[in-house]
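I opened this notebook to keep track of what I looked up in one chain. The entries follow the order in which I went through the model.

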Amino acid sequence: MADTREGKSILTLNHVTKRFSGLVAVNDLSLDMKERTIHALIGPNGAGKSTAINMITGLLPLTEGEIYHENVKISGMSAHQIARTRCSRTFQNLKLYRSMTVKENLMMGRMMDMKQGIFPFMFNFTGAAREEKLMSEKADSILEFIGLQDLAGEYPSNMPYGKQKLTELARSLCRNPSFCF
Ligand SMILES: Nc1ncnc2c1ncn2[C@@H]1O[C@H](COP(=O)(O)OP(=O)(O)OP(=O)(O)O)[C@@H](O)[C@H]1O
Ligand SMILES: [Mg+2]
């Protein structure tokens with residue numbers, strides 16, 4: 001349903017439909033997400049939640065409709081192109097690093113976005129220590145925002161699914177997305 005509240009539109013779906021052969025997985029979905037808002041996509045198993053998110057993030061082509069990110073049409077772009085527009089996502093099958101703590105997972109997410117890549121950290125080049133401090137502070141602030149600060153040193157495999165999902169969400173938020181699933 002379209003949201004008519006004031007504010008800049010971050011994500012807009014216009015009459016989005018996905019059909020897999022005869023099966024209609026998503027039927028005429030329209031919505032308008034404003035900046036600084038939180039939404040929930042709910043429905044029973046098979047309702048089409050993952051399919052909707054896979055279309056928004058470019059993993060699945062739409063059968064009908066259009067999707068806009070900050071008024072730029074993203075339906076038709078590749079997943080790679082859409083990711084570069086600062087659309088960030090988590091996955092139903094979690095993709096956390098099992099051998100890293102919660103905080104290390106967050107810092108790794110951010111490191112992947114850095115212009116110099118991961119190499120300065122491996123060889124301790126100039127600026128790496130400062131970057132690491134900034135990443136650590138960013139991770140701490142996101143952990144606090146999402147209520148995971150007490151689990152910063154915990155390993156994901158010791159945590160229930162809900163906390164692991166929150167960790168993935170926190171890692172996505174560390175990348176300064178304009179929106180995030
Ligand atoms: N690649 C595919 N090919 C054919 N049918 C598919 C495909 N992906 C999803 N479907 C079907 O589309 C419908 C919606 O599936 P989807 O995975 O989006 O549901 P969901 O709301 O995410 O469910 P869950 O709560 O179980 O995660 C289901 O009937 C599913 O079987
Ligand atoms: Mg799903």
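**Entry 1, A152.** I started with the contacts of A152, taking contact as heavy atoms within 4.5 Å. Not counting residues up to four places away in sequence, A152 touches T101, V102, K103 and L143. I placed A152 in the loop between α5 and α6; helices here are DSSP runs of H or I of at least four residues, strands are runs of E of at least two, and both are numbered from the N terminus. A152 counts as buried because its relative accessibility is 18%. The scale I used calls a residue buried under 20% relative accessible area, exposed over 50% and partly exposed in between, with a 1.4 Å probe and protein chains only. I also looked up D140, which is 12 residues from A152 in sequence and 8.1 Å from it in space, C-alpha to C-alpha.

The model is predicted, so local features need pLDDT of at least 70 and side-chain atom pairs count only at pLDDT 80 or more, while totals for chains, interfaces and linings use all residues. Residues are numbered from 1 along each chain as its sequence is written, chains are lettered from A and ligands numbered from 1 in the order in which they are written, and side-chain values use heavy atoms, with hydrogens and water left out.

I noted 6 helices and 6 strands. From the N terminus on, the order is β-β-α-β-β-α-β-α-α-α-α-β. The chain has 181 residues, and 39% of them count as buried. Of the contacts between residues at least 6 apart in sequence, 66% join residues at least 24 apart. The accessible surface comes to about 11,100 Å², with 54% of it belonging to carbon and sulfur atoms; the areas come from the Shrake-Rupley method with a 1.4 Å probe, and for residues only the protein chains shown count as cover.

How many residues of α3 are buried? I found 8 of its 10 residues (102-111) buried, so I wrote the helix down as mostly covered. The buried ones are V102, K103, N105, L106, M107, M108, G109 and M111. V102 and K103 had already come up as contacts of A152.

N105 is in this helix, and I list N105 as buried because its relative accessible area is 0%. Beyond four places in sequence, N105 touches L96, Y97, M100, P156 and R171.

L59 sits in the loop between α1 (49-56) and β3 (64-69). L59 counts as partly exposed because its relative accessibility is 47%. Apart from neighbours within four places in sequence, L59 is in contact with N54, A79, R89 and F91. M77 is 18 residues from L59 in sequence and 9.7 Å from it, C-alpha to C-alpha.

I then turned to N54, which is in helix α1. N54 is buried, because its relative accessibility is 18%. With the neighbours within four places set aside, N54 is in contact with L59, L60 and R89.

Most residues other than glycine have a negative phi. I noted S21, with phi near 50°, in the loop between β1 and β2. S21 is exposed because its relative accessible area is 76%. D28 also has a positive phi, near 55°, and is found in strand β2. At a relative accessible area of 43%, D28 is partly exposed.

**Entry 7, the largest pocket.** About 1,700 Å³ of space lies in the largest pocket. The lining has 49 residues, with M33, H39, L169, C180 and F181 nearest the pocket centre. I sorted the lining into 26 nonpolar, 12 polar and 11 charged residues.

Which element gives the most to this lining? The answer is α1, with 7 residues. Domain 1 (9-85) and domain 2 (102-180) each supply at least three lining residues; the domain bounds come from an automatic or database domain assignment.

Definitions and conventions
1 Å grid on protein atoms, 1.4 Å probe; cavity = no way out; pocket = protein on both sides within 12 Å on 5 of 7 lines; lining within 4 Å. Points joined across faces, edges and corners; volume = space filled by probe spheres on them. Nonpolar A, V, L, I, M, F, W, Y, C, P; charged D, E, K, R; others polar.
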